[in-house]
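Please consult the sequence and the structure below while reading.

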Amino acid sequence: MKALKIFLSAVLAGMAIGIGGTVYLSVDNSLAGALLFTVGLYAICTQGLHLFTGKAGYIVEHGAAYLFTLLIIWLGNLVGTGLVAIAVRSSRICAIASKAGAIAAIRMNDGMPSLFLLAIPCGLLMYTAVEGYRKTQNPLILFCCVAAFILCGFEHCIADMYYFSAAAAWNARSAARILVITSGNLLGCALLPLYHRLPD
């Protein structure tokens, strides 16, 4: 039951990111879109949902066995983003799928090393955002960190899942890119926890 509840929580978290991605695709101003995208992470943090990049850093605390939990979360996030993408593509706002296609094309035309490197600072910012909010309950850190990674062009595996789904751009090559970005996010999320474990 615990695994099922985590999965369902992750589905809802993926839906929240999908909603954030939909907002981002729906506005023309990049700064406004980056800030409004954060509504997804804000919902996740306030409702205690499971987002891969919000939980990945805690692998340092829990060890290798936590990888199974992260896999459940990752799969749930994939389902959640896909559900929102299906809803968007089946509705009157389906025109934004072309914007998702443009974003997906950037990822598809990029090299794997570039995607991996761009995913690392995103992971660091996401851990900073989630852990910072957990400690302070100040939502400003969420908006600053999310807007920063979007405006910088850093790679977020769950957001990219949504863009690929909204663009109907899934294939073996796009799946491989998501896995590479996931690896970079995982490393980035773990950097600060690893640093804090160093002896004084």
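A residue counts as buried when its relative accessible area is under 20%, and as exposed when that value is over 50%. By this criterion, 48% of the 200 residues of the protein chain are buried. The model is predicted. The protein chain contains 11 helices and zero strands.

**Overall architecture**

- Read along the sequence, the elements of the protein chain give the pattern α-α-α-α-α-α-α-α-α-α-α.
- The protein chain is as compact as a globular protein of 200 residues, because its radius of gyration of 16 Å is close to the 16 Å that the globule rule gives for that length.
- The C-alpha trace spans about 55 × 40 × 35 Å along its principal axes.
- Among contacts in the protein chain with a separation of 6 or more, 79% join residues 24 or more positions apart.

**Surface and charge**

- The accessible surface of the protein chain amounts to about 9500 Å², and carbon and sulfur atoms contribute 69% of this area.
- The protein chain carries 12 positive and 7 negative charges, whose mean positions lie 9 Å apart.

**Nonpolar core**

- The largest nonpolar core comprises 59 residues, of which Leu41, Ile44, Leu51, Phe52, Phe149, Ile158 and Tyr162 touch the most other members.
- Helix H8 (residues 112-136) supplies the largest share of this core, with nine residues.
- In soluble globular proteins, nonpolar side chains tend to be buried together.

**Surroundings of Tyr162 and Thr81**

- Beyond its neighbours within four places in sequence, Tyr162 is in contact with Gly18, Gly21, Thr22, Leu25, Thr81, Val84, Ala85, Val88 and Ile96.
- Thr81, one of these partners of Tyr162, is located in helix H6 (residues 66-89).
- Thr81 counts as buried because its relative accessibility is 0%.
- With neighbours within four places in sequence left aside, the contacts of Thr81 are Gly14, Met15, Gly18, Ile158, Met161 and Tyr162.

- Arg177 lies in helix H11 (residues 172-196).
- Arg177 has a relative accessibility of 9% and therefore counts as buried.
- When residues up to four places away in sequence are not counted, Arg177 touches Arg107, Met108, Asp110, Met112 and Leu115.
- Arg177 and Cys157 are separated by 20 residues in sequence, and their C-alpha atoms are 8.9 Å apart in space.

Note on methods. Residues numbered from 1 in each chain as written. Predicted model: local features only at pLDDT ≥ 70, side-chain atom pairs only at ≥ 80, totals over all residues. Heavy atoms only, no water. Helix = DSSP H or I, 4+ residues; strand = E, 2+ residues; numbered from the N terminus. Buried < 20%, exposed > 50% of the residue type's maximum accessible area, 1.4 Å probe, protein only. Contact = heavy atoms within 4.5 Å. Core = buried A, V, L, I, M, F, W, Y, C linked by side-chain atoms within 4.5 Å. Rg over C-alpha atoms; globule rule 2.2 N^0.38 Å. Areas by Shrake-Rupley, 256 points an atom, 1.4 Å probe, with all protein chains shown as cover. Lys, Arg positive; Asp, Glu negative; His and termini not counted. Charge placed at Lys NZ, Arg CZ, Asp CG, Glu CD.
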